[in-house]
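I opened this entry to note what I looked up, beginning with a single residue and its surroundings and then turning to the chain and its strands.

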Amino acid sequence: MMPIMNYDEELASRKDKGLCCYAHGRKFICDYRATDGTGFCVAHTEKRTPEEEKEFQRLLADRFDTETERLNFCGWKFPANVEFPHLFRTLADFTKAKFAGNADFRNVRFVGSVLLNGVEVNGYVHFGNEPVIGQINLSFAIIYGGVSISSPEVREGINCLGATIQGDVHILSQGLKGEISFKSATIQSGVSLEKCHIAGDLIFDHADIGERKGCWGINLNNVHIKGRLSFRSTVVTGRLSMESIIVDGPVCCEFLTTGKSLHCWNAKFGVRAMNPTSLSFYGARIGDHAGFQGAEFHTDVDFRDAEIKTKLNFKNALFKGRADFEGTVIPPAGIFDPPGEIRVEPGKGMWLYRMAKQVYQNMGRYDEAGDYHYMERCEAWQARNRWWTRHITNLFLKMRRWCHSVLGGRLQKCAKRVSDVFELIVLRGICGYFEKPWRIAGVGGAVIFICGLVYWIFESVGPAPGNPSTLLGAMYFSVVTFTTLGFGDIRPIERYSGKLIAGS
Ligand SMILES: [Zn+2]
């Protein structure tokens, strides 16, 4: 029976026997003979004589003749210009290996996964031309160059958990399957996955992208993601560009921080998301403008407590779900496009219009603010979801748009007048601004009655021939006065009644 030795005892015993002292997690895993003076075998030392270099190459070649479950390169030190064979038949384990130059796997076919956990690479990590049938695992790797992956297929995803990459990450592949993860990774320049097709998730949670000056951020233009996309608590020093991206699953941008702008032109979010509340920008901080021109939101959108530095643009955006903007911070320069250019599923746009109203109020553009206020009320009313509320509102919105477009320009005032009258009668009068019809009727009736009463009292005190002096006559006069003068706007009623009292 072998005596149980602790780490120091075993290290001393190995030195005596002349065995390689490479330890992986305080466990000695190498049984090769140490070369002179280093205490490590040819695979685990960087200081090789030319003869030892030849032996190292022979050792490397030997590995591929033996049928093993796992090719063990743990802790190997690779010279700057190492050449790998063209096929790895099994799992290739490069855990904690060191590459003096590039880790170049461009013409290598991996039948299993390739584990590069904790590797230190002085140059670039390249994958390309040949497929990887397993996973590329770069977790906790330290890479002084960049990473480029253009393999036609990566079947079990790419894992960059906690990796530190000092250059760019470029991934260009139509056959990415499994999860592409940059969780807690630090990438000093930028990440580009342009035109990739990902049949899985893309995760950037807690990552720090682009801490170096002049970095460009993240580029996900024209990417199609079948799973979910997550930027939870991610910091992007540059800009985040997602033009024409299609995400089938949910999107999480909670507490995302970007130093520059957020581009989501023509993006499609949550196309097949099952959860209705699966698109979130909750608490996001956008350092410049956020552009969602032509974007499609297929589920409810949560923008609560988000902060956008310069402006927010939803021109021609389509909201299929509810958009919640409670507590969203948009500066006065925030730009919304004219009413009607945001496409909203009926009954879903209340919060969106409320925010638009606030933006226009901040800018001092009260006409637009009024329009959005109006649309917000329509939405609130429509949200009750009765067929007649929908039909009346739709009819009214159509008529209002028609008035503005057809009668616009020369007849602008007329159009406004017509639509105001319609609004007063149909919407405020009958529907009580979609809220309390009987209260409006009650208030109207009370005003008529009080005016009539006041008129009658004053008229009956002072003699005035031809004027009504009976109570009934005064009431009739009051009704006529109310309906004629109060037809255009509801506010003048108070003014006229005040005048009436003052003048009488
Ligand atoms: Zn060794």
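I take helices (H or I, at least four residues) and strands (E, at least two) as DSSP runs, numbered from the N terminus. The model is a predicted one, in which local features need pLDDT of at least 70 and side-chain atom pairs count only at pLDDT 80 or more, while totals for chains, interfaces and linings use all residues. Residues are numbered from 1 along each chain as its sequence is written.

I looked up Gly118 and found it in the loop between β8 (114–115) and β9 (120–121). Is Gly118 buried or exposed? Gly118 is buried because 21 other C-beta atoms lie within 10 Å, the cut-offs being 20 or more for buried, 12 or fewer for exposed and partly exposed in between, with C-beta atoms placed from the backbone. Leaving aside residues up to four places away in sequence, I noted that Gly118 touches Thr95, Lys96, Phe140 and Ala141, a contact being two C-beta atoms, placed from the backbone, within 7 Å. From Gly118 to Ile143 I noted 25 residues in sequence and 9.5 Å in space, C-alpha to C-alpha.

For the chain, I recorded nine helices and 43 strands, with buried residues making up 38% of its 504 residues.

I then followed an open sheet of twelve strands, paired in parallel in the order β1-β4-β8-β11-β14-β18-β22-β26-β30-β34-β38-β42, where pairing requires that DSSP finds at least two bridges between two strands. Because β1 (70–72) and β42 (323–324) each have a single partner strand, one side of each is left without a neighbour in the sheet. Within the sheet, β22 (residues 202–203) and β26 (residues 229–230) pair in the parallel sense over two bridges, and Ile203 has Ser230 in β26 as its bridge partner.
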